[in-house]
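Hi everyone, thanks for making time this morning. Have the model open beside you if you can, and let's walk through it together.

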Amino acid sequence: MSTVDTPTRPAPTAEPAGSGSRIVPIARLHVVNRVQIFLVPAMILLFILLVNIVIWWLIARSVTDPVDRADALDGLQWSGASFYVFVYAVVIGAQAVGFVFPYALGMSVTRRDFWLGSALAFVGLAALYGAFMTVFAVIEQVTGGWGLGGRMFTVLYFGGEDASWYQRFGLFFAAFLFCFFVGAVVATIYQRWRVNGMLVFFAALTLLLLGSAALITLTESWPAVGSWFAATGAGGVVAWSLLVTAVSAVVGFLLIRRSTPRG
């Protein structure tokens, strides 16, 4: 009796945990709430723009003297009207850890894959938000400040009126990336040490800022600080912020590895 050898197929092997296959799905998980991630920040930005257009129109109607009007419009280059959008970016970064992290662990996602997926989502959102802001900056520049001389997307913090679109996009991108990672690392501190961690963190931050201000004041260095900002420019300041972004990313990864989500 003879036997016939039949070819056998090797049994499928399970993909090892933490292989990186879940990084992209985790990034998509962060944007599953389309309203919160896309619609709400757009609505905030458009509402602020509408309010500012009304204010600019009132200035144009009430200030009739050419010199006074020029002074008023010149002051708009320091406008911080778009500041609230960046605050919302910090909130998104914090929610990425506070809300998505426990759910991801429940799906057997490793902490490494979660953080890398979150970082990928932050980069993509920073690029998208930056492109959105850049489009509005170009429109503002072409229309001469929405026909009223207004400034919201072309203020000095974002390169001023003379910045090119790609320079402005780089500024927006780096600023949003900074906000996402700062919000995320603060949330990881909460996940790691809860309320006590928050108290210590904000107390240390307050002492650091207060101590820095006191040191600059006692050494009469405020003019030197102002000169540094003027010489560095918006692009240089944002470039320095990338260092804080990178530190936040590393610290957040180290903390998330020892964090356990709790109800």
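F122 and F180 are both buried, where buried means under 20% relative accessible area, exposed means over 50%, and partly exposed is in between, with a 1.4 Å probe and protein chains only. Before I go on, a word on what we're looking at: this is a predicted model, so local features need pLDDT of at least 70 and side-chain atom pairs count only at pLDDT 80 or more, while totals for chains, interfaces and linings use all residues. Residues are numbered from 1 along each chain as its sequence is written, and side-chain values use heavy atoms, with hydrogens and water left out.

Back to our two phenylalanines. How do the rings of F122 and F180 sit against each other? They form a stacked aromatic pair, 5.5 Å centre to centre with 10° between the planes. For the cut-offs, rings of Phe, Tyr and Trp (its six-membered ring) pair if their centres lie within 6.5 Å; planes under 30 degrees apart are stacked, over 60 edge-to-face, and the rest tilted. F122 belongs to helix 5 (residues 111–142) and F180 to helix 7, so this pair ties together parts that are 58 residues apart in sequence. Helices here are DSSP runs of H or I with at least four residues, numbered from the N terminus.

F180 also touches A89, I92, G93, L125, A126 and Y129, among others, leaving out residues up to four places away in sequence. Contact means heavy atoms within 4.5 Å.

How many aromatic pairs does a search of the whole structure find? The search gives 19. One of them is F86 with F158, a tilted pair at 5.9 Å centre to centre and 35° between the planes. That pair links distant parts of the chain, with F86 in helix 4 (residues 83–106) and F158 in the loop between helix 6 (145–149) and helix 7 (165–218), 72 residues apart. F86 is buried at 10% relative accessible area, and F158 is buried at 9%. Both pairs I've shown you belong to one aromatic cluster, made up of F86, W115, F122, Y129, F158, F172, F176, F180 and F181.

Now the nonpolar cores. A core is a set of buried Ala, Val, Leu, Ile, Met, Phe, Trp, Tyr and Cys residues joined through side-chain atoms within 4.5 Å. The largest one has 45 residues, and F86, F114, M152, F153, F176 and F180 have the most contacts inside it. Helix 2 (34–62), helix 4, helix 5, helix 7 and helix 8 (222–256) each give two or more residues to this core. There is also a second, separate core of five residues, including V185, V186, I189 and L255.

While we're at helix 2, have a look at N52, which sits in that helix. N52 is buried, with a relative accessible area of 12%. Setting aside neighbours within four places in sequence, N52 is in contact with S79, A81 and M152.

On to charges. The structure holds two salt bridges, each being a side-chain nitrogen of Lys or Arg within 4 Å of a carboxyl oxygen of Asp or Glu. In one of them, the side chains of R112 and D113 meet at 3.0 Å, N to O. R112 is partly exposed at 38% relative accessibility, whereas D113 is buried at 2%. R151 forms a salt bridge with E161, with the closest N and O atoms 3.7 Å apart. Both R151 and E161 lie in the loop between helix 6 and helix 7, so this pair ties together parts that are ten residues apart in sequence. R151 is buried at 9% relative accessibility, while E161 is partly exposed at 46%.

W146 is found in helix 6 and is partly exposed at 22% relative accessibility. E220 is in the loop between helix 7 and helix 8, and at 68% relative accessibility E220 counts as exposed.

That's my tour, so over to you for questions.
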